[in-house]
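Hi,

Here is the structure I promised to pass on. Have a look at it first, then read on for what turned up when I went through the aromatic rings.

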Amino acid sequence: MISAALLAALACPVCLEEGGCADCARAGAHAAACEPYAARVGCPCGGPDKVRLDRAGDVLVCPCCGGRYPLHADEGWVDLVPHASLGEVTRYADHEFHERLALTDAEPVLSARVKADMMRRMLAPGRGETVLDLGCGAGKMALHAATGGARPAGLDVAPFFLARAAREVDLVRGDLRRLPFRKGGFPRAYSLDVLEHLEETGVREVLLEARRTLGPRGRLFVYTHAMESSRLAVFQRAVNALARRLGRAGLIDHEREALRKSDHRNAIRSHEHFDELCLAAGLRVAERRYYNVVFKAVVEDLGLRLFERWRRGRRPPVAAGEVAPPARSAPGPPSSGLLALALALTWLLKLDVVLFGGVRTGPFFGLLVPGDRA
C-alpha cells in the first residue's frame with residue numbers, strides 16, 4: 001500500500017538540501033549541493049536532509065534534479081530506485097531467481113521465526129510505531145512485524161512483493177545505499193540477512209543511510225555475520241557436508257539453501273571490524289547475541305530437507321493422458337498440523353540462542369543505536 005504517512009517520509013534518493021552545519025552546508029543548484037554526496041552525508045553532524053518530493057498525479061518529482069519516480073498505486077508500491085547505477089545489485093533482483101525461492105506469506109517458522117522474535121525482543125517496537133524493513137524481499141517479515149501491533153514498511157531493490165504485502169505494508173522499491181527517506185523518517189528499522197550480500201563500501205553506505213533515516217534517538221536491529229566461527233561451528237560444517245553429499249545422491253534438495261547464499265560477499269571480517277564500520281557511520285552496537293546453530297543444523301538444514309524430499313516422493317504418479325504439474329509450482333500454505341509441528345520445533349531452535357548466545361561466533365544479532373562518529 002501507499003499510505004499518507006509513507007508519502008510524507010519520502011525524499012529524493014540522491015538530492016540533498018542546502019542546509020547543514022558549517023562544514024557540510026552547500027548553497028547552489030544540484031551540482032553544488034548534491035554531487036559531493038558522500039562528503040556531505042558523512043559529516044559528523046549527521047549531514048543534510050534529503051529533498052522532499054512533489055506529487056504530480058501518479059509521479060513523484062524531485063524539484064532539485066528533476067527526477068521522476070512513479071507511484072504504482074494499483075500494485076501497492078513506490079519506485080524510488082536511483083536513476084544512475086550505484087554498482088552491483090544482488091541476484092535477488094532477478095525475477096527467475098526470486099521465483100525459484102518460492103516464498104509465501106505463511107507465518108515464519110524455524111530459524112526465520114527465531115530471527116523475527118529476536119528482532120522484536122531487541123528492537124522492541126511500540127504498538128502503532130512504524131518499523132522499516134531494510135531489504136524486505138517479498139515482504140514476508142514485514143507482514144509478520146504487523147502482528148505485534150507495529151505498522152510495517154519495507155524497502156527492497158526488487159519489486160517482487162507478495163500480494164498480501166502489497167495490500168497491507170507500505171512498500172518502496174529502492175536501493176539501500178541511497179535510502180529515499182527524510183531524516184528521522186523511521187526511528188525503528190531492521191535488516192535481516194542483507195549486509196552479507198554487500199561489498200564493504202556498500203555496508204558502509206547502508207549503515208550511514210540508516211543512521212540518517214533513524215534520527216538521533218532511533219534503533220536498528222541487524223542479523224548478519226562476521227567471517228569468524230566458534231568451535232561449535234565444526235558441528236554445523238559437518239552437518240552441511242552431510243547435506244551436500246545427500247544432495248548429490250538425490251536424497252535431499254540442497255539447491256534452495258545454495259541459491260540463498262550464492263551471492264554472499266561476506267565483507268565483515270570480524271566483530272571488531274563491524275564495530276568500526278558502525279562507528280564510522282555514527283552508530284554503536286548496544287547489544288549483541290551470537291547465533292551458534294546446533295539445533296538448527298540438525299532440524300532445519302538436514303531433517304527438514306529429508307522431510308521435503310520424502311513428501312515429494314509420495315506424490316501420486318501422473319496417469320496416462322494427464323499433464324504433469326509444473327516442476328516449480330508455487331507451494332500452498334502449510335496444513336494446520338504441519339504449522340503446529342514447525343512452531344514446536346521453532347522453540348527447540350531457540351535453544352541455540354538461549355544456550356549458546358554468549359559464545360562468540362560469526363552469525364549474530366545486533367542492536368545499533370546512534371553514537372558519535374569516528
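Start with the charges over rings: the charged end of Arg 288 sits over the ring of Phe 364, 5.3 Å from the ring's centre. You'll find another case at Trp 347, where the charged end of Lys 350 sits over the ring at 4.1 Å from its centre. Keep in mind that this is a predicted model, so there's no experiment behind these positions.

Next, ring against ring. The count comes to seven aromatic pairs. One of them is Phe 181 with Phe 186, an edge-to-face pair with 4.9 Å from centre to centre and 75 degrees between the planes. Are these two buried or exposed? Phe 181 has 0% relative accessibility, so it counts as buried. Phe 186 is buried too, because its relative accessible area is 4% and the cut-off for buried is under 20%.

Now back to Phe 364, the ring under Arg 288. Phe 364 also pairs edge-to-face with Phe 274, at 5.2 Å centre to centre and 65 degrees between the planes. What does this pair tie together? Phe 274 lies in helix α11 (residues 271-280) and Phe 364 in strand β13 (residues 363-370), so the pair ties together parts that are 90 residues apart in sequence. Phe 274 is buried, with a relative accessible area of 0%, and Phe 364 counts as buried at 0% relative accessibility.

Last one: ring pairs link Phe 221, Tyr 223, Tyr 291 and Phe 365 into a cluster.

Cheers

Methods
Residues numbered from 1 in each chain as written. Predicted model: local features only at pLDDT ≥ 70, side-chain atom pairs only at ≥ 80, totals over all residues. Heavy atoms only, no water. Phe/Tyr/Trp six-rings, centres within 6.5 Å; stacked < 30°, edge-to-face > 60°. Buried < 20%, exposed > 50% of the residue type's maximum accessible area, 1.4 Å probe, protein only. Helix = DSSP H or I, 4+ residues; strand = E, 2+ residues; numbered from the N terminus. Lys NZ or Arg CZ within 6 Å of the ring centre and 35° of its normal.
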